[in-house]
Amino acid sequence: MRPLLRVPAGDRVDLAALPAAAVPAGPADKAAGVAATAALAKPLASLQERLYAASTAGDRRRLLLVLQGMDTSGKGGTVKHVIGQFNPSGCRITAFKAPTSEERNHPFLWRIMNALPAPGEIGIFDRSHYEDVLIARVHELVPSSRLERRYDEINHFEQSLVDDGVTVVKVFLHIGYEEQRRRLLARLDNPAKHWKFNLGDIEERALWPAYQQAYELALERCSTTAAPWYVVPADRKWYRNWAISKLLLEHLEELDPHYPEGDFDIEDCRARLLRT
């Protein structure tokens, strides 16, 4: 899936040319997709356990999944249906909201560095440092000169993570304009979903073209060889879940973590236990 969904470094991105309801590879329908995603749960859990176990012997490797997308694109749904397949004790999930007063007193990457996964962990960012080149651009929250510098800062930051053993998997959940309307209306129609609705969602939706341009620029400027972006069609929730599960599996298989060997005499320990 990686070559199919990856944004090549330096390529121009036109989101309008990428169908948000596409099924570019893999299961062809919902039933097959749900079954295929469920089938990935066991190998994903096994690889996560091996990654965590390897860290106890000094392996510094870990994985960071960055989820970005417009409102209702499925960031929370991905955490529930994909990350839910992992052992929560080995995951570190952070949902980034508007910066606090303390966070605003620090460089924009400060709060990100405080939330990075430890060796052996899988970290998940629901929104991320990219908010500082998305919302900041659309709402003109910082001078353009500072905004331009941030793309290079992000690339240098992500390269430093990779150099330190972090596998960075950045996923843009690509939802269509009409699908977003349907999902927002569904929230209004369901009292159990009213807590997820905000009047600001309507105001932000009016800025859709500006956000699409901001995302295109972020994908163009920050899809690197070390930390590429992947565009996942997100109109079909079942396909989104399968595609991200598959991406994680491919990255974890490439890491190929191993259980560390015991530093004790197995037969002696067995004999001592049998005597107790």
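Helix 11 is mostly covered, with 15 of its 19 residues buried (buried means under 20% relative accessible area, with a 1.4 Å probe and protein chains only). This is a predicted model, in which local features need pLDDT of at least 70 and side-chain atom pairs count only at pLDDT 80 or more, while totals for chains, interfaces and linings use all residues. Residues are numbered from 1 along each chain as its sequence is written, and side-chain values use heavy atoms, with hydrogens and water left out. Helices here are DSSP runs of H or I, at least four residues, numbered from the N terminus.

**Helix 11 and its partner**

- Helix 11 has 19 residues and spans 27 Å from first C-alpha to last, close to the expected 27 Å (1.5 Å times one less than the number of residues).
- Helix 2 (residues 30–55) packs against helix 11 (residues 237–255) at about 30°, with the axes 9 Å apart; axes are lines fitted to C-alpha atoms over the stretch in contact, and angles run from 0 to 180 degrees between N-to-C directions.
- Helix 2 passes helix 11 in a left-handed crossing (the near helix is turned anticlockwise from the far one by less than a right angle; clockwise would be right-handed).
- On the helix 2 side, the contact includes Leu40, Leu44, Leu47 and Leu51, and on the helix 11 side Trp238, Trp242, Leu249 and Leu252 are among the residues involved; contact means heavy atoms within 4.5 Å.
- By class, the residues of this helix 2 and helix 11 contact divide into 13 nonpolar, four polar and three charged (Ala, Val, Leu, Ile, Met, Phe, Trp, Tyr, Cys and Pro are nonpolar, Asp, Glu, Lys and Arg charged, the others, Gly among them, polar).

**Helix 7 meets helix 10**

- The axes of helix 7 (residues 144–163) and helix 10 (residues 208–222) come within 10 Å and cross at roughly 45°, so helix 7 and helix 10 are oblique to each other.
- Their crossing is right-handed.
- Glu148, Tyr151, Ile154, Asn155 and Glu158 of helix 7 touch Leu217, Ala218, Arg221 and Cys222 of helix 10.
- The contact of helix 7 with helix 10 has five nonpolar, one polar and three charged residues.

**Alanine 136**

- Alanine 136 sits in helix 6 (residues 131–138) and counts as buried at 5% relative accessibility.
- Beyond neighbours within four places in sequence, alanine 136 contacts Glu131, Leu141, Val142, Leu147 and Arg150.
- Alanine 214 is 78 residues from alanine 136 in sequence but 9.4 Å away in space, C-alpha to C-alpha.

Technical notes:
Helix = DSSP H or I, 4+ residues; strand = E, 2+ residues; numbered from the N terminus. Buried < 20%, exposed > 50% of the residue type's maximum accessible area, 1.4 Å probe, protein only. Parallel < 35°, antiparallel > 145°, perpendicular 65-115°, else oblique.
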